[in-house]
Amino acid sequence: MIAKLDLSGVLLGWYLDTDSVEEPKVTVTKEAWQQAIDINANKYVDEKFVCEDLRTDEQKANDNDEIANRESGRQKLKDLGLTDAEVNALIGN
C-alpha cells in the first residue's frame, strides 16, 4: 500500500502499490495500513501513522460553542418536561 501525504505529513489517501503516486508518499505493509485504518490515522509522524486533531483553534472554538449550545438546548427541553429519551430523539447525544 502507498500512503499519499502532504508536505506536513497529513494523510491524503491510500493507493495500491501498482498506482503511480507522486511524492511525498510512503509505502507500507498491509499490516501497517490496517493499523492506520484501525486508529483512524490522519498523519504520518516519525515513521508511524497517528491520529491528531488537525482542526484550527477557530474550528475548535466553534465546535465548543456548538456543544455548549446543544447542552443549553438540551436543558431547555428538559425544563419543558421532555424526558431524556425524547430529548435524544430530537437532538441526539
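Two strands count as paired if DSSP finds at least two bridges between them, and strands themselves are DSSP runs (E, at least two residues) numbered from the N terminus. The model is predicted, so local features need pLDDT of at least 70 and side-chain atom pairs count only at pLDDT 80 or more, whereas totals for chains, interfaces and linings use all residues. Residues are numbered from 1 along each chain as its sequence is written, and side-chain values use heavy atoms, with hydrogens and water left out.

**Strand pairing**

Strand β1 (residues 2-5) runs antiparallel to strand β2 (residues 11-15), to which four bridges join it, and Ile 2 stands opposite Tyr 15 of β2. The two strands form a hairpin with five residues between them, and in its turn Gly 9 has a positive phi of about 95°. Strand β1 is also joined, by three bridges and again in antiparallel fashion, to strand β3 (residues 25-27), where Val 26 stands opposite Ala 3.

From β1, Ile 2 and Lys 4 point one way while Ala 3 and Leu 5 point the other way, and all are buried, a term that means under 20% relative accessible area, with exposed meaning over 50% and partly exposed the range in between (1.4 Å probe, protein chains only).

**Core and aromatic rings**

A nonpolar core is a set of buried Ala, Val, Leu, Ile, Met, Phe, Trp, Tyr and Cys residues joined through side-chain atoms within 4.5 Å. The largest such core has nine residues, including Ala 3 and Leu 5 as well as Val 26, Val 28 and Phe 49. Leaving aside residues up to four places away in sequence, Val 28 touches Met 1, Trp 14, Trp 33 and Phe 49, where contact means heavy atoms within 4.5 Å.

Rings of Phe, Tyr and Trp (its six-membered ring) pair if their centres lie within 6.5 Å, and planes under 30 degrees apart count as stacked, over 60 as edge-to-face and the rest as tilted. A search of the whole structure finds two aromatic pairs.

| Ring pair | Centre distance | Plane angle | Class |
|---|---|---|---|
| Trp 14 and Phe 49 | 5.2 Å | 50° | tilted |
| Tyr 44 and Phe 49 | 4.7 Å | 55° | tilted |

Because Trp 14 lies in strand β2 and Phe 49 in strand β5 (residues 48-50), their pair ties together parts that are 35 residues apart in sequence. Trp 14 counts as partly exposed at 23% relative accessibility, whereas Phe 49 is buried at 12%. Ring pairs link Trp 14, Tyr 44 and Phe 49 into a cluster.
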